[in-house]
Amino acid sequence: MSKMKIFEIPDPILRQKALAVSRVDARIKGLLADMLETMYSGHGVGLAANQVGLLERLVVIDCSGETERTSPIKMVNPQIIAHSENKIIHNEGCLSVPKEYADLERWETVTVQYLDENGKEQTIFAEGLLSIAMQHELDHLDGILFIDYLSKLKRDKLLRHLEKRRHRESGEICS
Ligand code: NI
């Protein structure tokens, strides 16, 4: 396994649509393992292929908690096939929008169908944090980021904040 580079905004790959995987083989299995390792080392709960520079419909998620990491889910071509009417608000962040967070609404529960790393069809019913992570990661595959759901005012403020911090951090390295 090896750690991959995480692409951050405004990299255009984050805005592209990932393509369906036609064959789940050893290469895909290897990519999922690398993505999981990359997600763990970045302290994230989910990671989509676009974020590591790949336009293939691959997602990894583990919502078991920072110290446990016992529930990895590796998904190929995931799709939401049902969702609740009810929505919940959660404070979201993203490894591609580093250290910025915002409250947003998501469906309380979703049912997701996908192929596992062996190419076998699976269906999962997700609620709570797992439901939010599923919706967030599947959005990535369509080039959508959580900041897209914010008002222009809130989004601009968040992006300005991110830019300022990047500037400060790059200054610290130079001095
Ligand atoms: Ni994200």
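Modeller: Gladly, and let me start with His140, which counts as buried because its relative accessibility is 1%, and buried means under 20%. Please keep in mind that this is a predicted model.

Colleague: What makes His136 count as buried or exposed?

Modeller: The relative accessibility of His136 is 6%. The cut-off for buried is under 20%, so His136 counts as buried.

Colleague: Where do His136 and His140 lie?

Modeller: Both belong to helix α2, where they are four residues apart, about one turn of the helix.

Colleague: Which atoms coordinate the nickel ion, and what makes them donors?

Modeller: They are SG of Cys94, NE2 of His136 and NE2 of His140, at 2.1 to 2.3 Å. A donor is an N, O or S atom within 2.8 Å of the metal, so these atoms count as donors of the nickel ion. Along the chain, the donors follow the spacing C-x41-H-x3-H. Water is not among the atoms, so a site may look incomplete.

Colleague: Which residues lie closest to the centre of the largest pocket?

Modeller: That pocket has a volume of about 480 Å³. It is lined by 24 residues, and the closest to its centre are Gly44, Val45, Gly93, Cys94 and Tyr101. Two or more lining residues come from each of β4 (87-94), β5 (97-107) and α2 (129-141). By type, the lining divides into 10 nonpolar, nine polar and five charged residues.

Colleague: What lines the second largest pocket?

Modeller: Its volume is about 280 Å³, and 14 residues line it, with Arg106, Trp107, Gln135, Asp139 and Tyr149 nearest its centre. At least two lining residues come from each of β3 (73-83), β5 and α2, and β5 gives the largest share, four residues. The lining here divides into six nonpolar, two polar and six charged residues.

Colleague: Why is Pro72 called partly exposed?

Modeller: Pro72 has a relative accessible area of 40%. Buried would need under 20% and exposed over 50%, so Pro72 is partly exposed. Pro72 sits in the loop between β2 and β3. Not counting residues up to four places away in sequence, Pro72 touches Leu36, Tyr40, Ile61 and Asp62.

Colleague: How do you know that the span of α1 is close to the expected one?

Modeller: Helix α1 covers residues 26-41, 16 residues in total, and reaches 23 Å from its first C-alpha to its last. The buried residues of α1 include Ile28, Leu31, Asp34 and Met39. Among the elements covering the buried residues of α1 are β1 (46-48), β2 (58-61) and β3. Just after α1, His43 has a positive phi of about 60°.

Colleague: One more, please: what makes Ser131 count as buried or exposed?

Modeller: Ser131 has 0% relative accessibility. With the buried cut-off at under 20%, Ser131 therefore counts as buried. Ser131 is found in helix α2. Leaving aside neighbours within four places in sequence, Ser131 is in contact with Trp107, Glu108, Thr109, Val110 and Ala126.

Methods
Residues numbered from 1 in each chain as written. Predicted model: local features only at pLDDT ≥ 70, side-chain atom pairs only at ≥ 80, totals over all residues. Heavy atoms only, no water. 1 Å grid on protein atoms, 1.4 Å probe; cavity = no way out; pocket = protein on both sides within 12 Å on 5 of 7 lines; lining within 4 Å. Points joined across faces, edges and corners; volume = space filled by probe spheres on them. Nonpolar A, V, L, I, M, F, W, Y, C, P; charged D, E, K, R; others polar. Donors = N, O, S within 2.8 Å, 3.2 Å for Na, K, Ca; no water. Buried < 20%, exposed > 50% of the residue type's maximum accessible area, 1.4 Å probe, protein only. Expected span 1.5 Å × (residues − 1). Contact = heavy atoms within 4.5 Å.
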